[in-house]
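These are my notes from a first pass through the structure. I kept them in the order in which I looked things up.

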Amino acid sequence: NLDLYYDNICNINCFMNIKENFKVLGKVDIQPLINEYEKISVEDWDRFTWRQDANPMHGASKTLAIIYDQDFRHFNVTKHEFYDRLNFGEIIKPFQSILEEEYGSGYIVRAVLVKLPAGKDIKSHIDVGGSYSLSHRIHVPLICEPDKVEYVVENESRFFDLGEMFELNNMREHSVHNRGSLDRTNLLFDFATFDGKGWWWK
């Protein structure tokens, strides 16, 4: 089974298991995305439920799919209608430039907006699967009370400002806790490089 072999190879090597729990990548301008975000309706947030339904740890959250595939493919990814509606191709460019300076030329494997309601948690878990092991998991806080949203990886707890782009080590046990009175919304995306790392079929 090639898919199983792929998962095993990736999990053994943990290619993107960064040495630290969190890696701050710098502040980015989130206003262009906020301007587009304001056009999203309540109905839009309720349309895409697969991520929450399939993953109980995310059950309290809501997701808006921008680039997403339920089979977690690493190539030939699917761009959903919000890719165009949010002008995501242009908005992501400065974020991607920072990542390419850090890691080398690459592309976006997955991208979603994730809303975690006030008082709710994303329960502790580890992201498993081949593509996750080959990608950098990036968060950008868009809307929240920065001192009330706690990110935990293993035993380390951190709080992040709006527009502070950071990598979270999702190969380790992690959770998120929104202790504020405002719903938290993050841009969450996975960045992979073109250097061929992990492309086991070559």
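The model is predicted, and residues are numbered from 1 along each chain as its sequence is written. Local features need pLDDT of at least 70 and side-chain atom pairs count only at pLDDT 80 or more, while totals for chains, interfaces and linings use all residues; side-chain values use heavy atoms, with hydrogens and water left out.

I listed contacts, meaning heavy atoms within 4.5 Å. With neighbours within four places in sequence left aside, leucine 187 contacts several residues, among them Leu33, Ile66, Phe88, Phe95, Leu113 and Val140.

I traced the strands next; helices (H or I, at least four residues) and strands (E, at least two) are DSSP runs numbered from the N terminus. Two strands pair if DSSP finds at least two bridges between them. Six strands make an open, antiparallel sheet in the order β1-β8-β5-β10-β3-β2. At its edges are β1 (22–27) and β2 (62–67), each pairing on one side only. Neighbouring strands are turned by 25° against each other on average, direction ignored.

Strand β3 (residues 106–116) pairs with β10 over 10 bridges in the antiparallel sense, and lysine 115 has threonine 185 in β10 as its bridge partner. Strand β5 (residues 136–143) is joined to β10 (residues 184–193) by seven bridges, with proline 141 opposite asparagine 186. Two bridges join β5 to β8 (residues 164–168), where isoleucine 138 stands opposite glutamate 167.

How many of the eight residues of β5 are buried? Seven are, buried meaning under 20% relative accessible area, exposed over 50% and partly exposed in between (1.4 Å probe, protein chains only).

Helix α7 (residues 93–103) lies across β1, β3, β5, β8 and β10, and runs at about 45° to β10. Axes here are lines fitted to C-alpha atoms, for helices over the stretch in contact, and angles run from 0 to 180 degrees between N-to-C directions.

I searched the whole structure and found 11 aromatic pairs. Rings of Phe, Tyr and Trp (its six-membered ring) pair if their centres lie within 6.5 Å; planes under 30 degrees apart count as stacked, over 60 as edge-to-face and the rest as tilted. Tyrosine 37 and tryptophan 45 are edge-to-face, at 6.2 Å centre to centre and 65° between the planes, and both are buried.

The ring centres of tyrosine 151 and phenylalanine 166 are 5.2 Å apart with planes at 75°, so this pair is edge-to-face. Tyrosine 151 belongs to strand β6 (residues 149–153) and phenylalanine 166 to β8, 15 residues apart. Tyrosine 151 is buried at 1% relative accessibility, and phenylalanine 166 at 0%.

Histidine 74 is in the loop between β2 and α5 (81–85) and is buried, with a relative accessible area of 4%. Its side chain makes a polar contact of 2.8 Å with the side chain of serine 131. Such a contact is a pair of N or O atoms within 3.5 Å; within protein, one must be able to donate a hydrogen and the other to accept it, and residues adjacent in sequence count only if both atoms are side-chain atoms.
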